[in-house]
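Biologist: I'd like to learn how to read a model like this one. Can we go through it together?

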Amino acid sequence: MAVAERTQSEAQRRKQILDAARAVFGDKGYESATISDIVRKAGVAQGTFYLYFESKKSVVIDLARQPMDEMATRLQGILSGDESFSEILGKFVQLGFEVGRDNPDLCALMHMSDAGESDFDKIEAHAEVSQMAIGMFQGFIDAGEAVAMNAEVAAEMFKVIMSGAMRLAFATEPKIASAEEIQRATEIVVQGAFVAPRR
């Protein structure tokens, strides 16, 4: 078999396992899903799963790459504008919820699986989004538009608020409010927490 064909079939097999895992997680939830369920759905042997993934958690991390890549790309466009900190912060929250609405199952997995924050930090786009957030906070703190604080602390606090909001909107049952209502509440919270009062 030619190297190109083998590489293509390996990529197809990996995608086959990821698609099956996403479907199984959607049907059974992360906690109840087993690797046996995933390989049965994918139509591959259990050993094949382990050629591509170490664990169920590593599948979730791999599935999270696509929405994180999308978020990083779209965030660059938001941060390249010349709007006020308040406007950009609102767009940042809106972007998080848009990506969540486009991928509600992946959003739920990211916020309810046993994959911790440090696991998601291994995703290049996740680290990129974190660095962009730190840079955004630092720039607006320096300009006096953001509350004066350590930019890394601000970015981490923002991430915690967003993660909690995503959990409420997409991963918690029963729902206590619509995703739109949670988004509006999140915007109020982050504006109040981070936007410097006008003098």
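Biologist: What percentage of the residues in the protein is buried?

Modeller: Buried means under 20% relative accessible area, exposed over 50%, and partly exposed in between, with a 1.4 Å probe and protein chains only. Here, buried residues make up 43% of the 199 in the protein. A word on the source: this is a predicted model, where local features need pLDDT of at least 70, side-chain atom pairs count only at pLDDT 80 or more, and totals for chains, interfaces and linings use all residues. Residues are numbered from 1 along each chain as its sequence is written, and side-chain values use heavy atoms, with hydrogens and water left out.

Biologist: How many helices and strands does the protein have?

Modeller: Both are DSSP runs, numbered from the N terminus: helices are H or I with at least four residues, strands are E with at least two. This protein has 10 helices and 0 strands.

Biologist: Where is Thr 48, and is Thr 48 buried or exposed?

Modeller: Thr 48 sits in helix H3, residues 46-52. Its relative accessible area is 16%, so Thr 48 counts as buried.

Biologist: Which residues does Thr 48 touch, not counting those up to four places away in sequence?

Modeller: A contact means heavy atoms within 4.5 Å. Leaving out residues up to four places away in sequence, Thr 48 touches Arg 13 and Ile 17.

Biologist: What share of contacts between residues at least 6 apart in sequence joins residues at least 24 apart?

Modeller: In this protein, that share is 71%.
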